[in-house]
Amino acid sequence: LPLGLDAAAAADGVLAAAVGDTLTLTYLDAADDFGNPGTVTQTAQVVGTVVPGGTLAASPTWALAGPPYLLTGDVSINAGTTLTVEPGVTVLFTPWSDDQAAGSWSNRSELRINGGGTLTAVGTAAAPIMFTSLGASPQAGDWGAIRFRDGGGGTLRYVEVSGAVTV
């Protein structure tokens, strides 16, 4: 089934969805491995930008045009690199998953600001920046943390954090 992002609904066989929408998919299996009928239902959120774990090579700006941003593993901001997050942006973390299997939690993603790296996340009262879990009902501990390490710095204003590990 083709997916038409931001497409208008029509009777053309294309699933019309927008970034941020939650899709519910149901598969009816006439006979599973044991010959029994079954139904599998999953939900998924349409995200704007997937950010795999690793080190940011440049000084990116996560703009309002690209969210939500989905981190699938530990993302490191090293010396000389600044990550700027614009007002109104949502940053999602895959719950209980880390494609790097590293960091402070091998099974939870983190945003790591290392010595000399900078995170600038300055929202507004009307457009706060959100760091949260991709989970349907974010729970404390779904993802790791935003960690400032060994002299990493930054500015966070009008930022909401939910679903992270509480220490």
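**Exercise 1. Find the residue that forms a salt bridge with Arg112, and follow the links onward.**

*Solution.* 
Step 1. Arg112 forms a salt bridge with Glu110; their closest N and O atoms are 3.0 Å apart. A salt bridge is a side-chain nitrogen of Lys or Arg within 4 Å of a carboxyl oxygen of Asp or Glu. This is a predicted model: local features need pLDDT of at least 70, side-chain atom pairs count only at pLDDT 80 or more, and totals for chains, interfaces and linings use all residues. Residues are numbered from 1 along each chain as its sequence is written, and side-chain values use heavy atoms, leaving out hydrogens and water.

Step 2. Glu110 also forms a salt bridge with Arg147, with the closest N and O atoms 3.9 Å apart. Glu110 lies in the loop between S11 and S12 and Arg147 in strand S15 (residues 146-148), so the pair ties together parts that are 37 residues apart in sequence. Strands are DSSP runs of E, at least two residues, numbered from the N terminus.

Step 3. A search of the whole structure finds two salt bridges.

**Exercise 2. Work out the strand order of the four-strand open sheet, and find its edges.**

*Solution.* 
Step 1. The order is S7-S10-S13-S16, with parallel pairing. Two strands pair if DSSP finds at least two bridges between them.

Step 2. Strand S7 (61-62) and strand S16 (153-157) stand at the edges. Each has a single partner strand, so one side of each is left without a neighbour in the sheet.

Step 3. Check one pair. S7 and S10 are joined by two bridges. Thr61 stands opposite Thr84 in S10.

**Exercise 3. Which residues touch the most other members of the largest nonpolar core?**

*Solution.* 
Step 1. A nonpolar core is a set of buried Ala, Val, Leu, Ile, Met, Phe, Trp, Tyr and Cys residues joined through side-chain atoms within 4.5 Å.

Step 2. This core has 21 residues, and Val85, Leu111, Leu119 and Phe131 touch the most other members.

Step 3. Strands that each supply at least two residues of this core include S10 (82-85) and S14 (129-133).

How values were computed. Buried means under 20% relative accessible area, exposed over 50%, partly exposed in between (1.4 Å probe, protein chains only).
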